[in-house]
Each structure stands twice: as structure tokens, then as C-alpha cells.
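Biologist: Please show me the model. Then let us go through it by question and answer.

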Amino acid sequence: YKLLIYRRLNINLTQYCYMKRYKFLSAALLGALLTMGTVTSCSDSGYLDINYNPNYPSTASYKQLLPAAEGSIVAVSGLYQQITGDFWCQYVTQGNSTNQYNTLSNYAVTTSGSIPPVTTIWQNTYANSLEDLKLALASAEESKAWNYWMVAKILQAYNFLVLTDTYGDIPFTGALDVENNPHAAFDDSKTVVYPGILEMLDAAIAKLDDAKAAEKASPLGTADCFLGGSMDSWAGFAKSLKLKMYLKDFDAHKSDIQALLSAGGLLEQDCAWVNWEDGANKGNPLYEFNIRQLNTTENIRACHTFLEYLLDKKDPRIIKLYEVTANAKKTLGYSSDEELIAHMDECYEGLPCGDKPTTDETTDGGIGISKSSRMKQAYDDAVYLMNEAECELMIAEAYARLGDAEKAEEYYNKGVLAGFSRWGFDGTVFVDGAYKFDKADMLHSIAMQYWVTYAGANAYDGWMTRNRLGIPEVQANITVRKSTTALQRELSDGYVLGNLVDPGASNMNAGEYPMRLLYPTATTLYNSAAAKYVEENGNSLTKKLWWEK
């Protein structure tokens, strides 16, 4: 299993093949997972010889396919989705001495890009994750391995949800049947895709008893890297996914939400991959890419937007999210957590969003490399499909929308506390202080805590949640701080702390913000239905999806 997963997580190739006669996903094809370049087509006779290895089996069962699918999901969510959310939630920005992530920092999105992950999410999800899961479902059903079947069904729903929430309308009813339907049409996200995903989740939940019996007889063990084979937890994850979907259309699903809350059993824990090893290509995908493999570690720096918010709240999680500046470490010498928290104003510094002040510290407005904080990264950083704080906050939001302020506050507080406990802190003083629930503006309180607690977790969901609620707001033609000089923290006139700002070198108009990803060239080039859809509907980064505010 480890060999299979490591191959899926970390091997990068510059070419990727779409195969009309794709019968199975063997280990021989695992190197095609993370595509970084041009898509090329393959002949009907098979795949390229470079992808063939006779030492690997040509068929696979659910026991191999499920962990391969999980590895495929994590390879993209833990790198490309994570870094996109980190930048677009303005937790971080591009370092001013390097250029690796300029496209993310400045919203420079193209239809063939891998960062932002326009091509990568589309290709990997359709050709790897969903294809694996389709085959795993068939194999598990034939063997009545309902524990494998249930997890695969839920992950199938999860993958389709990522696709439709990322791009909008997608191939759904006709997807995953390339041989019989090579030009799959695009289905409407709201009226076809969402109901179809909900049906998948309901089908999975309905198999809970059978899945628990199968798990007792033949445990998943290491085949399930997210929830360790707990069928009850997977059912909770499925229910929480349903709640996430219902909240996007509350009025239409008010009774469904009430039924979910009444029935209980929603997920109230992390759903995360945590078992990494400290070795090349065996650690957290973003760490492997950004720290172990690049020729510099200076790219990802703290962003003024989020840093100044944490500093204002005296939030101790700042020491877990960012590194002490090299200058502060050298001159101040603080090392213990207690010292760093007490002196956080001196120890942590960021850069303006999407802007690059001079690194010449003798010049007014300069912030040299030694005077800004890197984002903290480690090989064993968890990759989340859903985090505990998010789960509690979704329940809080549901109660707030239903008008139950007491229940909303109860779960809001649980969410805030979970967000602190993830990092080993007790957040009680913040529940009663800086993050106290505002019953007069419940949704604003909840939305801001979503933003705070997605940092260091599944930040891609943070970007989507911001777009769903419109909070934090985006302020145009303003910077967070008046000065870019290190440690001069006076806020710009009119700036509201916690709001997002335009990147200093944005590729978009003032006040505009990415609301979706573009459909990739890879699909419009090879799928005539996709080309027709884009021609008729456009492909704009600012076009709001049906559930976005």
C-alpha cells in the first residue's frame, strides 16, 4: 500500500494521457498523477510504453484501488488545493525575493495552469481519483465488501463536489465512461450534479449496518488513511458533507437541515491524513514540493491581511502558523512558546498581499528576507478533507439560520475551542473575549471563525466558504497597512481589520476576486461538448457559481 500511495503522491511527469480504452488503473500508470504540463492524446491501441512496467499487476481489486484513490486525492488536495486556499484566503503571500507563486498571489489564472490548479484538479479527479473509485465500487460490490464500498461511495461524492464547487457545471451523468461517451456533456450544477451527489451520500449512509458488519469481519486497516476504517465516522462525514451542501441553498433545504440536526451523528472530528514519514517523497505534499524539492525555502511568507488580524486578537496560534523572523531570532533570542506569544508583535512580520516591497532594509519601505516570517511547514503536516472546527461551525451556522441563537452559540464556541485545541491551546479566554459570539450578527461571527480556523487546515474550503458567505469582505483600492516598513503596523485609513484586499499587482480589476477556477484547455481541446459549453457560457474567473454571494 505504501509503495502504491507514495507513487501517487509524489511522482511528477510533464505529459499525461487520456485513454479511450481505460480499463483499470495499475501501478504502471501512477506516475501520471500530478501533471505539470501539456496534455497529449493516446492512440486507441493502448498507453505509451513509458508508462508500462511488466513488474506491476494489470488488474487491481478494491483492496488496492481504495488506498490508491485516497492517495490521489491527497496528492492534489494537500498541495495544489492547499496552496491555492492559503494564498487566496490571504494567510500567506509570495516572498519578495523569489517568484515561485506569483500567479497565485496576483490571481494570474490561465486555462492551462497547474498553479493555480486549473488543469491539475480536473485531470487528477476525473482520470485518477474517480476512475479508481468507480472500479473499487464495482469490485467491492461484487465481493460484498460493503465497508470498502461505503468509503469509496462517499469519496466519489466528495470528488464530484470538489469539481462542481471549483468549476461550476461539469460532466456528471455521462462522466467516467470514456469508451461509450467520449464527449460527455456538462450537467447543471444546481439541478443535476448536486442532487446526484446527495443521492450518492444517501446510498452510502444506507449501507452503514452492512459496512460495519463487513468492517468487523475484514477491517480496512491501513487501506483507510483518513478515518481508520470507522464506519460511524465515515457516515458522520457523509452527513456533514450533506450539511455543507444544504447550507448553500438554505431556503430550499430548511427541513432537510432540521432533519439532519435532529438525527445527529454529524462528524465532530478531523477527517485527515496524518501518517507521513520524514523521507523524500513520503511527507506532506506541499512540504515535499515547497521545502524539500525547491532550491529555496523563501517563497511563502506571512501576509499582512491575516497576520495583523491575529496580532490584534493576541491569538497564540500565530506561533504555530508562522516562523519567527530571522532578525528577531538573532537579536531578541526568544525561544519558548510563552516568550513568543508575549512578544509576538516583535517576532512576527508579514508582507503586503501580492506586493513586493524592496528587500533593501536601508530604504524606506523595505522588508528584507530576515525581517518577514515564513509560513511554518513540516513533513508531518496533516492534510484535511474536513476539520473538527469546521464541522462545529457548520452546525452553528445551521442553527443560526434556523433562528436558534442559543444552539448557534453553543456550537460556535465548540468550533472556536476546536480551532485552538488543534494546536494545543485552550481557547476559553477567547470564547469569552476576542472571539465572543455576537448574537446580533451571528453569521458574521461564524464566517470570521471559518476564515481563522481554515488556516493551517483545508484552506481551499476556506476560499469556497468565503465566496459562499461573502465574508471576509474584499476592500478595493486599499492596503492593510500604511507602511511596508518592517514592524510599522499602523493600519491604512478606512481599512477594516480582517477584510481581504486587492493584491498589489493583481491581474484583476479593483475589488474583483476569484470566484471559481477556469475550465482547462485539456478538456475543451479534447471534448467537443466542453468546447461548445465554454463557447456558450464563457470561462470567467469572476463568474459567480449559483451558490456564491
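**Salt bridges and a helix**

Modeller: Arginine 468 is buried, with a relative accessibility of 10%; buried means under 20% relative accessible area, exposed over 50%, and partly exposed in between, with a 1.4 Å probe and protein chains only. This is a predicted model: local features need pLDDT of at least 70, side-chain atom pairs count only at pLDDT 80 or more, and totals for chains, interfaces and linings use all residues. Residues are numbered from 1 along each chain as its sequence is written, and side-chain values use heavy atoms, with hydrogens and water left out.

Biologist: Which residue forms a salt bridge with arginine 468?

Modeller: A salt bridge is a side-chain nitrogen of Lys or Arg within 4 Å of a carboxyl oxygen of Asp or Glu. Here the closest N and O atoms are 2.7 Å apart, and the partner of arginine 468 is glutamate 397.

Biologist: How many residues apart are glutamate 397 and arginine 468?

Modeller: Helices (H or I, at least four residues) and strands (E, at least two) are DSSP runs, numbered from the N terminus. Glutamate 397 sits in helix α16 (residues 388-402) and arginine 468 in helix α20 (residues 459-469). The pair links distant parts of the chain, 71 residues apart.

Biologist: Is glutamate 397 buried or exposed?

Modeller: Its relative accessibility is 0%. By the cut-off of under 20%, glutamate 397 counts as buried.

Biologist: Which parts does the pair of arginine 292 and aspartate 278 tie together?

Modeller: The closest N and O atoms of this salt bridge are 3.2 Å apart. Arginine 292 lies in helix α10 (residues 285-293), so the pair ties that helix to a part 14 residues apart in sequence. Aspartate 278 belongs to the loop between β6 (271-273) and α10.

Biologist: Is aspartate 278 buried or exposed?

Modeller: Arginine 292 is partly exposed, at 30% relative accessible area. Aspartate 278 has 52% relative accessibility and counts as exposed.

Biologist: What is the closest N and O distance between aspartate 210 and lysine 207?

Modeller: Aspartate 210 is partly exposed at 36%. Lysine 207 is partly exposed at 22%. Their salt bridge has its closest N and O atoms at 3.4 Å.

Biologist: How many salt bridges does the count come to?

Modeller: The rule is the 4 Å one. By it, the count comes to 29.

Biologist: How many residues of α5 are buried?

Modeller: Helix α5 (residues 146-167) reaches 31 Å from its first C-alpha to its last. That is close to the expected 32 Å, taken as 1.5 Å times one less than its number of residues. The helix is mostly covered, and its buried residues number 22 of 22.
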